[in-house]
Amino acid sequence: MKWDALEEEPCSLARTVAVIGDRWSLLILRECFLRIRRFDEFQSSLGVTRHLLADRLKKLVRFGVLRKIPYQDAPKRYEYILTQKGLDLYPIIMSIVHWGNVHMVDSRGRPLLHEHKNCHKMFDPVMVCSECGEPLTAKAVHVHPGPGARKPTRTGAAAR
């Protein structure tokens, strides 16, 4: 599996990693969900070089995760807004945040708390089955080949 060809792999995880699998892309997405939209705001918040930030924003736009909206004409400047495809990454970002809150928090506690606007309660994100609503764990899931899986090899094992 080649790093620069992950988006061509018949694996949903590999294709997703091709889009958001580096630290700067994930941190840019975090900032987007915290309502940061402008290049200078991203750079100030993240401390990333202009070249690297421009590269990651361009990639996220190319993959349809963000869209560029001009907010100034001279010089031309843009806001970067999450598309529906980008908004669909929210459960992934929240899962990573939850893992960090459980396993990486220091003695000061969680850096951010999340409040559900509908019930006004602080919450922890949970993943549940779309069919029965039960919480999902790795031990409670069985994986089957889907229609996009690679064809089995001669030995009978599916190729990765």
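The model is predicted, with local features needing pLDDT of at least 70, side-chain atom pairs counted only at pLDDT 80 or more, and totals for linings using all residues. Residues are numbered from 1 along each chain as its sequence is written, and side-chain values use heavy atoms, without hydrogens and water.

A pocket here is an open set of points on a 1 Å grid where a 1.4 Å probe fits, with protein on both sides within 12 Å along at least five of seven lines; lining residues have an atom within 4 Å of a point. A volume is the space filled by probe spheres set on the points.

| Pocket | Volume | Lining by class |
|---|---|---|
| Largest | about 940 Å³ | 16 nonpolar, five polar, seven charged residues |

The largest pocket is lined by 28 residues, and L34, Y90, M94, V97 and H114 lie nearest its centre. Two elements, α2 (23-33) and α6 (90-103), each give two or more residues to this lining. The largest share, seven residues, comes from α6; helices are DSSP runs (H or I) of at least four residues.

V143 lies in the segment after α6. Because its relative accessibility is 70%, V143 counts as exposed (over 50%).

Definitions and conventions
Nonpolar A, V, L, I, M, F, W, Y, C, P; charged D, E, K, R; others polar. Buried < 20%, exposed > 50% of the residue type's maximum accessible area, 1.4 Å probe, protein only.
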